[in-house]
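Visitor: I would like a close look at one part of this structure. Please take me through it step by step.

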Amino acid sequence: MKATILKKSPCDIAQAIKAEARRLGFDAVGFAQARPVSGEAARAFTKWLSEEKHHCMAWAANHTELRLDPTRLVPGAATVISLAVNYLPSQLPLTVDSPWARYAVGDDYHEVLRNMGLQLAAYIESASGHSSRVCVDSAPILERYWAQQAGLGFQGRNTLLIIPGRGSFFFLCELVTTLPLPPDEPCTLSCGDCGACERQCPGGALQGGMLDAAKCLSCQTIENRDPELPEWVAQRIGHRLYGCDECQRACPHNRHAIAGRHPEFEARESILSLTAEQVLAMDQTQFSATFRHSAIKRTKLAGLHRNARLIAHPQSPNFLTEDCPPVQK
């Protein structure tokens, strides 16, 4: 089959790859020329790091030069293929205030999307001889920047990719490929002066399209590895065991969001039914069995126990004394 699609016109090649991506289950796909990110994007990212807004996400500061230039990530890179998959579970409409972030109640997206991406990479290599690297949070790449460059959507004030008319409940995946493809038009839309997500954020973590991870409940309950959490988290964690969807629930673009079509991301009853008390009673064997092939493994048993203690025993001194950050109104 090698070189089969190369006998077609560039537009036909692009359409063939997009058709294959959709056949594999991707809900959106677009192409951008592989090159260094814009000066504006580079300055915004380095400013975010220099101001230590990444907080407990230390990994974000690794390999900055690669994040800012995918041609360094893959020698001979010609195109960044951006792909998106709707993960909104049908059991958790936006009216439901879930203790679990919606992205994590089904199978681990890293595994599911990587498998889909590898199949698309194999198709491209078989048909053209060109190689691709699959990136699913596994490589230093500014995925929302490239999704916007590829025309999928725009980065909202909640810092997430928003696909017009479809919302923000999407996983992202990239293929950095040596195959030259005609680029799609970048998305030039924006949130304007909406700010609904900023007003709704429990910790006031969002401002001007920048995330302050120290004030983000998702970052604190998932990424923070400390045995204790700041006092403000204890005051505002509510019943959230893992993550927080408040900025997405408040976003007007999600008012008409529909459930995804992937059974892998439907919510597991074994997760939805868990209470904070039941989490506290878990041992390592039960944790590993319950969250097998689940993104919730990321917080580890100790982290989930820590979160559950704040919910089940809110008066317990299980936190660090720290000023509660003001919430924007």
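Visitor: Does H1 pass H5 in a left-handed or a right-handed crossing? Please show me the surroundings too.

Guide: Keep in mind that this is a predicted model. The crossing of H1 past H5 is right-handed. Find helix H1 at residues 10-24 and helix H5 at residues 109-128. Their axes come within 10 Å. They cross at roughly 150°. Angles over 145 degrees count as roughly antiparallel. H1 and H5 are therefore roughly antiparallel to each other.

Now look at the contact itself. H1 brings Ala16, Ile17, Glu20, Ala21 and Leu24. H5 brings Met116, Gln119, Leu120, Tyr123 and Ile124. Sort these contact residues by type: eight are nonpolar, one is polar and one is charged.

Next comes the sheet. It is open and has four strands, in the order E1-E2-E6-E3. The pairing is antiparallel. Strand E1 (28-33) and strand E3 (132-135) are the edge strands, and each pairs on one side only. On average, neighbouring strands are turned by 20° against each other, direction ignored.

E1 pairs with strand E2 (residues 79-86) over six bridges, in the antiparallel sense. Glutamine 33 stands opposite threonine 79 in E2.

H1 lies across E1 and E2. H1 runs at about 140° to E1. H5 packs on the sheet as well, where H5 touches E2, E3 and strand E6 (170-177). The direction of H5 makes about 35° with that of E6.

How values were computed. Residues numbered from 1 in each chain as written. Predicted model: local features only at pLDDT ≥ 70, side-chain atom pairs only at ≥ 80, totals over all residues. Heavy atoms only, no water. Axes fitted to C-alpha atoms, helices over the stretch in contact; angles between N-to-C directions. Helix = DSSP H or I, 4+ residues; strand = E, 2+ residues; numbered from the N terminus. Parallel < 35°, antiparallel > 145°, perpendicular 65-115°, else oblique. Left-handed = near helix turned anticlockwise from the far one by under 90°. Contact = heavy atoms within 4.5 Å. Nonpolar A, V, L, I, M, F, W, Y, C, P; charged D, E, K, R; others polar. Pairing = 2+ DSSP bridges.
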